[in-house]
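Hi,

Here is the structure I promised to pass on to you. Have a look at it first, and then read on for what turned up in it.

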Amino acid sequence: MSLQHLLPPDGVKELTTHWPDEPRVYDRGRTAVDEITADSLWEHVHLGCLPPVEVRALKSEVPSITEHAFSTYGRLDGDRLRALYERGYTIRLGNLQRCMAAVGRLTRAIQQETGYSNYAHAFLTPAGQQGLRHHWDQQMAVIVQLAGVKRWELWAPVVDQPMRTFNDSGRVWRAEWVDEWERRGPDQAVLLEAGQSLLVPRGWIHNPLSPKGASEDSVHLTFAIRERTPYWLAEQILAEAMRDPELRRVIRPGDLLGGGLPDQLSLVRRRLLHHLGSVDLSALAEQVAQTALTDVEYTT
């Protein structure tokens with residue numbers, strides 16, 4: 001399993017060769033990923049296969065409900081979570097790649113195909129309800145609609161190239177933005193149906209909801225693809241500097257907090273420049289490629 005289960009051939013080609021910077025909708029058809037259903041997700045919930053910390057109950061205009069409201073003795077309480085769902089809450093089941101073998105195989109295959117680590121969340125939204133509201137993400141999202149429909153209101157980024165905590169929507173948010181977006185309307189609006197997939201590039205604001213009058217609950221998977229960046233490559237180069245004993249020595253408190261800090265910074269800069277000039281890039285490239293295929297932590 002790989003990207004071909006999330007996107008049709010033209011979508012896979014566009015993602016792997018161009019990496020779109022605007023949203024795209026694709027007719028996926030039915031693939032192996034569609035074997036994940038609302039029933040199978042609820043079965044995982046009721047069997048306690050999901051850690052409560054990975055679960056959220058979300059409802060527009062209401063603070064999210066965390067695991068303390070639907071766990072008993074550290075285990076997920078499916079009945080309590082289902083009661084919240086019946087009250088109109090969207091249920092987010094996070095990091096399915098850690099507890100569902102099929103999803104784990106898929107995310108690992110995507111990493112082998114792209115060199116990007118990734119993770120998958122499931123969202124179950126009652127018909128006509130809304131969970132998350134306006135926000136943006138720090139990585140490309142591939143939205144895979146499995147059942148029902150979901151309307152995605154999309155706005156072009158207001159920040160440039162967010163990554164990790166830099167330009168994170170929760171850190172730089174301005175309350176007046178929502179009023180402005182709502183006043184002028186979305187730059188794009190997509191009614192995503194079962195069998196379709198949506199690419200949402202990082203930084204694009206999205207406001208997803210099950211439209212009023214919807215006759216069927218919505219189920220979708222979000223695959224977050226953690227793009228590698230030049231900054232990530234810089235980290236890989238600098239990681240080898242750990243071999244320099246001069247960079248492992250103790251900086252005494254007096255040099256850190258006193259007047260000696262500029263000299264310490266100057267010394268470190270010289271040692272790093274020396275390291276950068278001596279790196280065997282051909283040998284390092286092999287190591288970095290292997291890291292890209294195996295590192296599953298939050299790195300971009």
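In this predicted model, the largest nonpolar core has 42 residues, and the ones touching the most other members are Leu6, Ile91, Leu93 and Phe223. Strand β8 gives the most to this core, with five residues. Another core, of nine residues, lies apart from it and includes Val190 and Trp204.

Eight strands make up an open, antiparallel sheet, in the order β1-β11-β8-β13-β7-β6-β2-β3. At its edges are β1 (24–27) and β3 (62–65), each of which pairs on one side only. From one strand to the next, the twist averages 20 degrees. Strands β8 and β13 (residues 218–225) run antiparallel and are joined by seven bridges; Gln145 has His220 in β13 as its bridge partner.

Helix α1 (residues 9–17) lies across β1, β8 and β11, at about 150 degrees to β1. Helix α2 (residues 38–46) packs on the sheet and touches β6, β7 and β13.

Finally, is Gln130 buried or exposed? Gln130 sits in the loop between β7 and β8, and it counts as buried because its relative accessibility is 14%, with the cut-off at under 20%. A polar atom of the Gln130 side chain lies 3.3 Å from the backbone oxygen of Pro208. Beyond its sequence neighbours, Gln130 is also in contact with residues including Leu58, Thr90 and Asn207.

Enjoy exploring!

Terms used:
Residues numbered from 1 in each chain as written. Predicted model: local features only at pLDDT ≥ 70, side-chain atom pairs only at ≥ 80, totals over all residues. Heavy atoms only, no water. Helix = DSSP H or I, 4+ residues; strand = E, 2+ residues; numbered from the N terminus. Buried < 20%, exposed > 50% of the residue type's maximum accessible area, 1.4 Å probe, protein only. Polar contact = N/O pair within 3.5 Å; in protein donor to acceptor, adjacent residues only side chain to side chain. Contact = heavy atoms within 4.5 Å. Core = buried A, V, L, I, M, F, W, Y, C linked by side-chain atoms within 4.5 Å. Pairing = 2+ DSSP bridges. Axes fitted to C-alpha atoms, helices over the stretch in contact; angles between N-to-C directions. Lists of a residue's contacts leave out its neighbours within four places in sequence.
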